[in-house]
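Let's take a walk through a protein model together, one region at a time. Have the sequence and the 3D view ready as you read.

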Amino acid sequence: SLGWVISWMPVGISAFLAACTGQQKSATGLETVGTIADLDAKGVLQTESPSPILVIRNPADPKTLIAVNSTCTHQGCLVAWNAERKSFVCPCHGAAYAADGSVQKAPATKALATYPVQVDGQNVQVKVG
């Protein structure tokens, strides 16, 4: 029936959009945010959907990855990874966070949210929510 077709349209459209943007969500709730090759070439993987996520190699153990919500806890600007300082830095008010998301420098007082991250083949996957 037409109702059945229409009820499936949003799912089909989101799957189509996800395929077009390169983001894929698996049945386990994992979001593919890029590949290991992209991470190594750029130094970070960054996405803004379903939420702002930054993935880096752990400076203390480069074999492991760290994924954080890149929204600064001070006033919501998006932080960037500064490899030299080994910290996430907010361009708006100078807040800084350690690789694990903990606050290094005010005005932020709350840590960045972190997410479980894993590698599946060449794909870097983050579990959001």
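Predicted model: local features only at pLDDT ≥ 70, side-chain atom pairs only at ≥ 80, totals over all residues.

Across the protein the average pLDDT is 84, and 78% of the residues score at least 70.

## The sheet

Now for the strands. Four of them, in the order β3-β4-β5-β10, make up an open sheet with antiparallel pairing. At its edges sit β3 (45-47) and β10 (114-115), each of which pairs on one side only. In general, strands of a sheet pair through backbone hydrogen bonds, either parallel or antiparallel. Here β5 and β10 pair in the antiparallel sense, over 2 bridges. If you want a spot to look at, find Ala 67, which stands opposite Tyr 115 in β10.

## The cores

Which residues have the most contacts inside the largest nonpolar core? They are Ile 56, Val 79, Phe 88 and Tyr 97, in a core of 16 residues. Two or more residues of this core come from each of β4 (53-58) and β5 (61-69). Another core, of 11 residues, lies apart from it and includes Leu 39, Leu 45, Ile 53 and Ala 67.

Back to Phe 88 for a moment. Not counting residues up to four places away in sequence, Phe 88 touches quite a list, including Leu 54, Ile 56, Val 68, Trp 81, Tyr 97 and Leu 112.

## A buried serine

Ser 70 is placed in the loop between β5 and β6 (80-82). Is Ser 70 buried or exposed? Ser 70 counts as buried, because its relative accessibility is 1%. Leaving aside neighbours within four places in sequence, Ser 70 is in contact with Pro 52, Ile 53, Leu 54, Cys 77, Leu 78 and Val 79. Take Leu 54: it is 16 residues from Ser 70 in sequence, and the two are 5.8 Å apart in space, C-alpha to C-alpha.

## The salt bridge

Side chains of opposite charge can pair when their charged atoms come close. A search of the whole structure finds 1 salt bridge. Asp 40 forms it with Arg 57, and the closest N and O atoms are 2.8 Å apart. The pair links distant parts of the chain, with Asp 40 in helix α2 (residues 36-42) and Arg 57 in strand β4, 17 residues apart. Both ends are partly exposed, as the relative accessible area is 45% for Asp 40 and 28% for Arg 57.

## The cysteines

There is 1 disulfide in the structure. It joins Cys 77 to Cys 92, with 2.0 Å from S to S. The link of Cys 77 and Cys 92 is left-handed, with -105° about the S-S bond. Cys 77 is in the loop between β5 and β6 and Cys 92 in the loop between β7 (87-89) and β8 (96-98), so the pair ties together parts that are 15 residues apart in sequence.

| Residue | Relative accessibility | Class |
|---|---|---|
| Cys 72 | 4% | buried |
| Cys 90 | 3% | buried |
| Cys 92 | 38% | partly exposed |

Note on methods: Residues numbered from 1 in each chain as written. Heavy atoms only, no water. Core = buried A, V, L, I, M, F, W, Y, C linked by side-chain atoms within 4.5 Å. Buried < 20%, exposed > 50% of the residue type's maximum accessible area, 1.4 Å probe, protein only. Helix = DSSP H or I, 4+ residues; strand = E, 2+ residues; numbered from the N terminus. Contact = heavy atoms within 4.5 Å. pLDDT = per-residue confidence, 0-100. Pairing = 2+ DSSP bridges. Salt bridge = Lys/Arg side-chain N within 4 Å of Asp/Glu carboxyl O. Disulfide = S-S within 2.5 Å.
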